[in-house]
Amino acid sequence: MIVVTGATGPFGRLAVESLLRRGVPASKIAVAVRTPGRAADLAAKGITVREADYDRPETLAPAFTGADKLLFVSSNGPDALRLAQHHAVVEAARTARVGLVAYTSIVGADRNPLSLAAVHRDTEAALATSGLPTVLLRNGWYTENYTTTLAGSVERGAIVGSAGEGRIASATRADFAEAAAVVLTRDEQAGKVYELTGDTAWTLPELAAEAAAQSGKPVVYTDLPAERYAEILTGAGLPGFLVELLVDAEVQVAKGALADVTGDLAALLGRPTTPLADAVASALKG
């Protein structure tokens, strides 16, 4: 049995879809979700739906029972909350005697300077201490981190940020989810570490140029001081912890934190990663 956490979220759902496409029978998949009602479509396919709330540790071990493999999708939120949630998942996986944990970490977790990498380093350490057989899926930046709001940026004629000319070796969420499914359907994965990035690193000025070329509208990238970028994000209604995370990420990108390209993702996929141009085209279709 393969158990997937967070399966009503965008990553987990894509991972489940990829498992099904790879021929894993629905009867061999279970999803561990906070709100089972939101997984009704998965249940209709014959997938087992189990309640599992990262904030209620008592729900986790029962949801992981019988898991030969567990896709542990990292949570979102303030660091202190995420740490507590992740430790609860690790302890529950140990209690349930999960055969293999595949954890969605961050690329270069052991050295990545992004502030959000600290939670991933801590979680990786907790998994190592637990003795659970583990494979680390160190995901790079999602292209969707920028393309989700791209249509609005095109209408305004501007993309703003604080990343300067820093390069971003991103890939789409679907690419990363498919890679997770590949790993979950392979044998002898315990102890492996995959550094997952897109095939090509790009800059925000290049993203603006691509958006302009595809939309036929002028789009420029405006680089801002970190403080000003934080003000804009706060004005858009983002919570404080997310503003801090995003601004820190931009500052670190400017220093090259997400520029490295590895071949791990393409090798798992057996194909090139999704090009930026394709992701932009998808985003602008709406």
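Mentor: Let's begin with one term: two residues are in contact when they have heavy atoms within 4.5 Å of each other. By that rule, and leaving out residues up to four places away in sequence, T172 touches T143, E144, T274 and A279. Please keep in mind that this model is predicted.

Trainee: Where is T172, and what makes T172 buried?

Mentor: T172 is in the loop between β7 (158–161) and α8 (173–184). Its relative accessible area is 8%, and buried means under 20%, so T172 is called buried.

Trainee: Why does L114 count as buried?

Mentor: The relative accessibility of L114 is 1%. The limit is 20%, so L114 counts as buried. L114 lies in the loop between β5 and α5 (117–130). Apart from neighbours within four places in sequence, its contacts are I106, W141, D248, A249, Q252, A257 and L258.

Trainee: What can you say about phi of E188, and is E188 buried or exposed?

Mentor: Phi of E188 is near 55°, again positive in a residue other than glycine. E188 sits in the loop between α8 and β8. With a relative accessible area of 74%, E188 is over the 50% cut-off and therefore exposed.

Trainee: Now to the helices. Which residues of α13 are buried, and how do you know that they line one face of the helix?

Mentor: In α13 (residues 276–285), L276, A279, V280 and A283 are buried. Looking down the axis of α13, these buried residues fall within an arc of 100°, so they line one face. In general, an α-helix has 3.6 residues a turn, so residues three or four places apart point the same way. The buried residues of α13 pack against α6 (144–147), α7 (150–156) and α9 (204–215).

Trainee: What about the aromatic rings: how many aromatic pairs does the structure hold?

Mentor: There are 5 aromatic pairs. One of them joins F72 and Y103, 4.8 Å centre to centre with 45° between the planes.

Trainee: Why is the pair of F72 and Y103 called tilted?

Mentor: Planes under 30 degrees apart count as stacked and over 60 as edge-to-face, so 45° falls in the tilted class. F72 is in strand β4 (residues 69–72) and Y103 in strand β5 (residues 101–106), so that distant parts of the chain, 31 residues apart, are linked. Both F72 and Y103 are buried.

Trainee: Why is the pair of Y146 and W202 called edge-to-face?

Mentor: The angle between their planes is 85°, which is over 60 degrees, so the pair is edge-to-face. The ring centres are 5.7 Å apart. This pair also links distant parts of the chain, with Y146 in helix α6 and W202 in the loop between β8 (193–196) and α9, 56 residues apart. Y146 and W202 are both buried.

Trainee: Which residues do ring pairs link into a cluster?

Mentor: That cluster consists of F11, Y142 and F176.

Note on methods. Residues numbered from 1 in each chain as written. Predicted model: local features only at pLDDT ≥ 70, side-chain atom pairs only at ≥ 80, totals over all residues. Heavy atoms only, no water. Buried < 20%, exposed > 50% of the residue type's maximum accessible area, 1.4 Å probe, protein only. Helix = DSSP H or I, 4+ residues; strand = E, 2+ residues; numbered from the N terminus. Arc of directions from axis to C-beta. Phe/Tyr/Trp six-rings, centres within 6.5 Å; stacked < 30°, edge-to-face > 60°.
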